[in-house]
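Let's take a walk through this structure together. Keep the 3D view open and follow along as we go from one part to the next.

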Amino acid sequence: MVRQRSTAPAPWFLVVPGLVALAFLVVPLIGLLAQAPWGSFGSLVTSPLATEALRLSLITSLVATAFAAIVGVPLAWLLAREALPGTRVIRALVIVPLLLPPVVSGVTLLAAFGRRGLVGQYLYESLGIQLPFTTAGVVLAEAFVAMPFLVITLEGAFRSLDRRYEEAAITLGASSWRVFHRITLPLVGPSLVAGAVLCWARALGEFGATITFAGNFPGVTQTMPLAVYQALESDRDAAIALSILLLAVCIGVLIGLRGHYLPGSARS
Amino acid sequence: MTVRVDAEVSRGTFTLAVDATFESGTVTAILGPNGAGKSTLIRAIAGLQAIDRGTVSIDGQVVDDSASLFIPPRERRCGVVFQDYALFPHLNVLDNVAFGPRSRGAANTEAKAVAHLNLARLGIDHLAERRPSTVSGGQAQRVALARALATQPHVLLLDEPMAALDAETRIEIRIELERQLADFAGCALLVTHDPLDAMLLADRVLVIEDGRVVQDGSPAELANRPVTDYVAALMGVTLLRGTASDGVLNLDNGGLLHIADRQLAGRVLAVLRPSSITVHRQPPEGSARNAWPGTVASLQPSHDRVLVMVNGSPSVTAAVTSGAIAELGLSVGTDVWLSVKAVEIDAYPNPTR
């Protein structure tokens, strides 16, 4: 990474609002830590409610991310190479879940995969599969909301990839599968990790679509954000403790990936 | 292992139209200015670019007939050295070279053995474990060549293999490349915009301008009888157009020159070499049949000489020593006389018009 030596002090009209933005982002985190019930913290975060919700959150968000990667990477490739007719329309459709209020996403999922939904009625009648109010429903809701992050990140990476690497591989006799998994995919590796982390973080924090489509049943569909929300109504200390736990998980992942893959970090 | 191209490739308003055959055991340089369509030609042969009209065949087998048949690149046995080499950045040098054999079905250890062999042949086996980003430009060029040769291609296509190198490395790599090309049994095509590469590496030069082949011949023919201003400029000579009859050449842009060949008639081209033109301050006397006045337009040092561009009828470039510049007191705007012997003018029929 090239670091330019600044020759002049940063202008005040950028420094002042910039510092306001920084304070705005950091003060709530400090507030959370300042109000934390440190005395009972240990027992709060090890309560069955907390551990069950954390376990569920980690499992569903990781499964949702894996699903998003398996089908989202190919979609990103198709978009980048404009292999489908109407690429611009498709790209707009992919972004819709990003813009949609999560509760509305939940409603659309119900309309599609609910027991009387467009697809859901057949799943239920012929296969006996019910998605709403199940753990699978949580994964579905998280994937729906989070996958666009992965697709958009990967599409940019595929698009900016120097095509000559793939051309070189083709002239050397590689099959299209070999070109993809030995050349294309490794070259977009950093973007794949970055997109997956964004996707996973969004899935982990998913609330609106989950509670609408999957409900709030402890042990089945009650993920961390739902548990925090419920705790806030009855036990404020528990809500703060759970929030700190979630924050710690996120920061842990950030630190773990720092300097390796995240965009903006130093790359060799 | 002949490559036959009779094809057109269109891209927007640009069309490349080539009708040429490339024999095995020969090295053909594709020379031309940027955007002339040189790379498009080798991409069409490699199968990285489908043609719009005509056919491309390799070893007598049609690989692209622009309609129903298109053999994909992986089945064409073309080794390509890309501009800037396009070495896979995430694989080390050995795996880069082993990629081709591995892709063509060799076992891992076998592919690596082939890779080591090809690296050793180019004297760079010690770089096997290095990443492409850590080797020099000249080394990267050899790795790219080793990678292309490791699949034992019938056709070797090199796209500006020297463009990324600095002047010193170029000389060294050119010698190396000359040796490698001499060893290569198949048909080799080398895209370049450097006439020196074409002169030293190729048996034949195909000059492409604006998507058309404007000259096709040996390097010597190119140097002695350029047919376009682009080629003449590359060779450092002045190209004049005119009509000849009975030993007199009437130039299109004004002026008249005596030439030695009295049989030559009709539309002709004439080459004036800077070294055969003499510059005087006074109207010259002597055996030179041609003498005409002019004004110095510019002076440009070139190696141990100075190139003097003189406006006149015709306008030409003369090469003089820096001592002569001082002796004659030449500067921009100086009125001079030029002379050239009729036997020094190489005139030949104009093949283009």
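Start with one helix of chain A. The buried residues of helix 5 of chain A are covered by, among others, helix 4 (87-99), helix 6 (120-127), helix 7 (135-160) and helix 11 (208-213) of chain A. Helices here are DSSP runs of H or I with at least four residues, strands are runs of E with at least two, and both are numbered from the N terminus. Contact means that the C-beta atoms of two residues, placed from the backbone, lie within 7 Å.

Before going on, a word on what you're looking at. This is a predicted model, in which local features need pLDDT of at least 70, side-chain atom pairs count only at pLDDT 80 or more, and totals for chains, interfaces and linings use all residues. Residues are numbered from 1 along each chain as its sequence is written, while chains are lettered from A and ligands numbered from 1 in the order in which they are written.

Back to helix 5 of chain A, which runs over residues 102-113. Its 12 residues reach 16 Å from the first C-alpha to the last, close to the expected 16 Å at 1.5 Å a residue (the expected span is 1.5 Å times one less than the number of residues). Which of its residues are buried? They are A:P102, A:S105, A:G106, A:L109, A:L110 and A:F113. These residues cover an arc of only 145° around the axis, so they sit on the same side of helix 5 of chain A; the arc is that of the directions from the helix axis to the C-beta atoms. Buried means 20 or more other C-beta atoms within 10 Å of a residue's own, exposed means 12 or fewer, and partly exposed is in between, with C-beta atoms placed from the backbone.

Now zoom out. Chain A has 13 helices and zero strands. Of its 268 residues, 37% count as buried. The C-alpha atoms of chain A fill a box of roughly 70 × 65 × 30 Å along the principal axes. Among contacts in chain A with a separation of 6 or more, 73% come from residues 24 or more positions apart.

Helix 4 and helix 7 of chain A pack at about 125°, with their axes 8 Å apart. Axes are lines fitted to C-alpha atoms, for helices over the stretch in contact, and angles run from 0 to 180 degrees between N-to-C directions. That angle makes helix 4 of chain A oblique to helix 7 of chain A; under 35 degrees counts as roughly parallel, over 145 as roughly antiparallel, 65 to 115 as roughly perpendicular, and the rest as oblique. A:V94, A:I95, A:P97 and A:L98 of helix 4 make the contact with A:F144, A:V145, A:P148 and A:V151 of helix 7.

Helix 7 of chain A also holds A:T135. Is A:T135 buried or partly exposed? A:T135 counts as partly exposed because it has 18 C-beta neighbours inside 10 Å. Leaving out residues up to four places away in sequence, A:T135 touches A:T60, A:V220 and A:T221.

Finally, hop to chain B. Here 15 residues of chain B are in contact with 14 residues of chain A. Strand 6 (78-81) and helix 2 (93-103) of chain B are the elements giving two or more residues to that side of chain B, and helix 2 gives the most, with three residues.
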